[in-house]
Protein chains: 2
Amino acid sequence: MRAEIISIGKELLLGEIVDSNARQLGELLAKHGIDHARRATVDDNTADISAAITEALGRSEIVFTIGGLGPTYDDVTREGIASAIGDTLIEDTDIADALREKHARRGRAWNEVLARMALRPTSAVPIPNEVGTAPGLRIEVGDKLVVALPGPPSEFAAMLESSVAATLAARSTQSSRSRTLRIVGIPESVIERRLEDLMQSVNPSVAPYVKPMEVHVRILAHASSANETNELIAPVELAIRERLGIAIFSADDESLESVVISLLKRKSQTVATAESCTGGMLGQRLTSVPGASDAYLGGYITYSNELKAREVSVARYDLAKYGAVSEEVARQMAEGAIRHTGADFAIGITGIAGPDGGTESKPVGLVYISLAGPRGVEVSKQIFAGDRELIRFRATQVALDMLRRELLLNESDARPAES
Amino acid sequence: MRAEIISIGKELLLGEIVDSNARQLGELLAKHGIDHARRATVDDNTADISAAITEALGRSEIVFTIGGLGPTYDDVTREGIASAIGDTLIEDTDIADALREKHARRGRAWNEVLARMALRPTSAVPIPNEVGTAPGLRIEVGDKLVVALPGPPSEFAAMLESSVAATLAARSTQSSRSRTLRIVGIPESVIERRLEDLMQSVNPSVAPYVKPMEVHVRILAHASSANETNELIAPVELAIRERLGIAIFSADDESLESVVISLLKRKSQTVATAESCTGGMLGQRLTSVPGASDAYLGGYITYSNELKAREVSVARYDLAKYGAVSEEVARQMAEGAIRHTGADFAIGITGIAGPDGGTESKPVGLVYISLAGPRGVEVSKQIFAGDRELIRFRATQVALDMLRRELLLNESDARPAES
């Protein structure tokens with residue numbers, strides 16, 4: 001089974017954005033064992049879109065379009081599809097009613113321009129858009145399929161999950177399954193050395209992907225049934241787990257922050273934060289997890305020295321003596337956050353995210369990360385590479401991993417190992 | 001003048017990486033006023049590459065290939081080009097010598113597989129690769145041009161700069177320039193209605209791009225000189241500014257948080273934050289701006305009710321009476337943050353980001369955003385659509401815009417209007 005993607009939009013051709021939607025859909029196709037044969041990126045005009053769809057339908061069984069479903073005059077994907085398959089556009093009154101209702105619910109005025117989003121080829125079935133407004137479209141063309149998806153990334157991602165994944169699973173004749181192990185705290189080169197022999201395997205294939213301060217190892221298996229793919233994956237996953245141990249923090253889509261929140265909830269423990277250079281990023285990551293309030297009490301963004309002293313009781317004497325970016329201040333930030341909030345654990349972060357403010361002894365990228373808890377306080381000194389955002393992200397990543405490893409340690413103290 | 005890009009590589013189709021090379025080349029084409037008409041992404045095989053080149057040469061004057069120039073068996077771009085233009089491959093002895101020499105200099109052993117990189121169509125001229133090994137290729141096909149560029153991003157970027165930019169400048173008869181106005185606080189549909197006539201214009205073209213709680217309007221002009229493009233853009237920009245006023249918060253790449261920090265610094269004023277549902281995201285956005293410490297003191301992540309009471313002095317009676325997500329609590333969060341930090345302004349955010357926790361009277365997406373400052377406190381009640389992350393982002397976007405508008409208001413009070 002072959003599929004093609006047609007990404008639509010001048011902003012892609014002008015290089016204003018990268019095509020992260022197409023990347024995501026490519027990944028989903030791979031996961032379902034469907035051959036992503038080709039992708040075209042075309043301008044917002046009916047003729048180009050129509051030509052690209054016609055060509056793709058001549059070669060492949062499934063054709064996806066991404067973008068051009070909004071209400072404006074340059075959103076002409078609907079027209080392009082209709083032209084390619086020789087259909088005409090009608091106004092779908094159900095879509096129109098739903099759009100009006102959605103708008104009313106949000107207290108926004110209706111505008112006739114918006115009615116363009118209710119147009120569809122007569123043979124199309126709308127795909128609900130749970131996040132935005134414009135629906136997607138699904139059109140059977142003989143035994144082939146055209147699926148039109150919206151361009152805004154959050155709407156696109158939601159529609160992949162709510163509808164496209166099931167469509168692909170139903171159409172795919174091959175069973176294929178991937179399992180991604182997420183690893184933190186070991187460099188990629190060490191992982192590659194430890195997994196070198198496994199990475200030679202073809203089915204399942206084993207491939208590492210490097211993220212900032214995180215490596216994902218994907219095991220991908222193809223077979224004629226789900227059972228067989230599972231049987232291919234299981235021994236390889238076991239081998240990787242034996243070699244990498246607790247550096248593997250989750251499998252598949254679970255984020256590091258989500259793992260930390262789950263561990264805290266399971267142990268009925270809580271954490272608080274005191275952030276300087278990360279300015280709230282750690283709190284933001286912890287609270288990105290639904291239900292975080294059971295485990296995360298809150299925290300302090302002590303960006304100024306005054307707030308470090310006043311809110312988390314860092315000694316003014318030490319701020320002057322060691323400077324705001326120091327082991328001593330990091331330690332006191334976490335200790336102060338525990339005292340002020342009553343949390344079981346607290347994390348303190350202070351560093352120089354740049355691009356300015358570095359010195360010879362305290363360069364850009366220097367970050368102290370402290371973890372206070374029942375066993376005392378530890379402080380990790382790090383020098384991160386990267387730009388301001390990457391340095392900040394890396395600091396939160398190390399902080400979350402310190403807490404995760406501490407919680408796992410407590411766990412193995414508290415009960416015998418499961419194996 | 002039309003150009004097309006053909007990106008080559010299974011890793012692109014499998015969604016393992018985004019095509020940042022193509023984005024970068026797209027940007028360069030736009031800068032030189034060359035119409036990037038279409039892009040194809042194809043697999044590493046000779047037939048697909050050859051077909052894509054033939055199609056592209058049928059439509060456009062310049063065809064770029066990216067990738068597939070390495071030494072391995074799946075690097076077949078050279079074969080694809082030769083097949084498309086009816087040429088044969090020869091070994092270029094100069095390239096081969098240079099490759100051998102490069103390898104010797106790096107202390108690496110020569111391997112006959114590497115000699116594949118010295119192959120080229122007889123009509124091709126090699127483009128030196130200053131960063132890596134495989135040279136690029138430049139082939140005149142009648143009055144058209146095929147340019148083959150390497151895939152590794154650092155080699156690709158170096159070759160764009162060292163060679164491709166000059167080729168484009170020489171071929172382009174046009175200068176082109178774009179200007180992007182960034183807008184917040186007006187829905188896209190209203191912007192489109194107000195700019196409807198301008199959006200009909202072809203040169204400069206005017207096109208809106210919708211982001212979460214933000215719209216970008218791009219003005220793009222082509223002319224025979226830089227002066228002329230500026231002359232085309234200026235009156236259209238003025239017209240848009242007249243119609244949208246202070247809803248335009250910046251031009252080109254400046255973010256909303258950066259505008260807010262700049263305004264605060266210009267007025268030597270400071271802000272603090274008290275966040276509940278956004279959990280630090282507002283602080284994180286403000287501190288993503290280098291030099292934010294002159295304007296942002298810090299803040300509180302009062303995720304639990306206890307911290308709302310203890311850290312920013314929300315009355316426990318009101319927390320019980322109105323609930324944590326209420327106008328009253330939002331107001332007291334901002335007021336408390338001002339009192340506790342001494343900032344000139346403070347922002348409070350409390351809401352229900354979901355996916356759980358919504359009720360009929362307080363649905364998921366309900367967020368109260370408060371701004372306290374010298375003129376008192378205002379509270380905005382919003383019901384945002386989207387998932388948890390989008391609701392949180394939208395809340396921070398409205399918060400930043402409230403502060404921005406307040407700062408602009410102060411500004412026009414303090415001095416006569418510039419016009």
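This is a predicted model: local features need pLDDT of at least 70, side-chain atom pairs count only at pLDDT 80 or more; totals for chains, interfaces and linings use all residues.
In chain B, the side chain of B:Thr229 places a polar atom 2.6 Å from the backbone oxygen of B:Ala226.

**Around B:Thr229**
- B:Thr229 belongs to helix α8 of chain B, residues 226-244.
- With a relative accessible area of 1%, B:Thr229 is buried.
- Leaving aside residues up to four places away in sequence, B:Thr229 touches B:Ser175, B:Ser176 and B:Arg177, as well as B:Ala221, B:His222 and B:Ala223.

**The interface of chains A and B**
- Contacts involve 71 residues of chain A and 71 residues of chain B.
- Counting pairs with both residues at pLDDT 80 or more, 37 residue pairs are in polar contact between chain A and chain B.
- On the chain A side, strand β2 (residues 35-42) gives the most, with seven residues.
- By class, that side of chain A has 27 nonpolar, 23 polar and 21 charged residues.
- The β14 strands (residues 296-301) of chains A and B run antiparallel and are joined by three bridges. One to look for pairs A:Ile301 with B:Gly299.

**Salt bridges between the chains**
- Six salt bridges cross the interface of chain A and chain B.
- One of them brings together the side chains of A:Arg38 and B:Glu55, at 3.0 Å from N to O.
- A:Arg38 and B:Glu55 also sit in a salt-bridge network with A:Glu4 and A:Arg59.
- B:Arg59 forms a salt bridge with A:Glu55, with the closest N and O atoms 4.0 Å apart. Because B:Arg59 lies in helix α3 of chain B and A:Glu55 in helix α3 of chain A, this pair joins two chains.
- B:Arg59 is partly exposed at 28% relative accessibility, and A:Glu55 is partly exposed at 25%.

**Salt bridges within chain A**
- Over all chains, the count comes to 53 salt bridges.
- A:Lys10 and A:Asp43 meet at 3.1 Å, N to O. This pair links distant parts of the chain, 33 residues apart: A:Lys10 is in helix α1 and A:Asp43 in the loop between β2 and α3.
- A:Lys10 is partly exposed, at 25% relative accessible area, whereas A:Asp43 is buried at 12%.
- A:Arg120 and A:Asp92 form a salt bridge with closest N and O atoms 2.6 Å apart. The pair spans 28 residues, from A:Asp92 in the loop between β4 and α5 to A:Arg120 in strand β5.
- Both A:Arg120 and A:Asp92 are buried.

Key: Residues are numbered from 1 along each chain as its sequence is written. Chains are lettered from A and ligands numbered from 1 in the order in which they are written. Side-chain values use heavy atoms; hydrogens and water are left out. Contact means heavy atoms within 4.5 Å. A polar contact is a pair of N or O atoms within 3.5 Å; within protein, one must be able to donate a hydrogen and the other to accept it, and residues adjacent in sequence count only if both atoms are side-chain atoms. Helices (H or I, at least four residues) and strands (E, at least two) are DSSP runs, numbered from the N terminus. Ala, Val, Leu, Ile, Met, Phe, Trp, Tyr, Cys and Pro count as nonpolar, Asp, Glu, Lys and Arg as charged, and the others, Gly among them, as polar. Two strands pair if DSSP finds at least two bridges between them. Buried means under 20% relative accessible area, exposed over 50%, partly exposed in between (1.4 Å probe, protein chains only).
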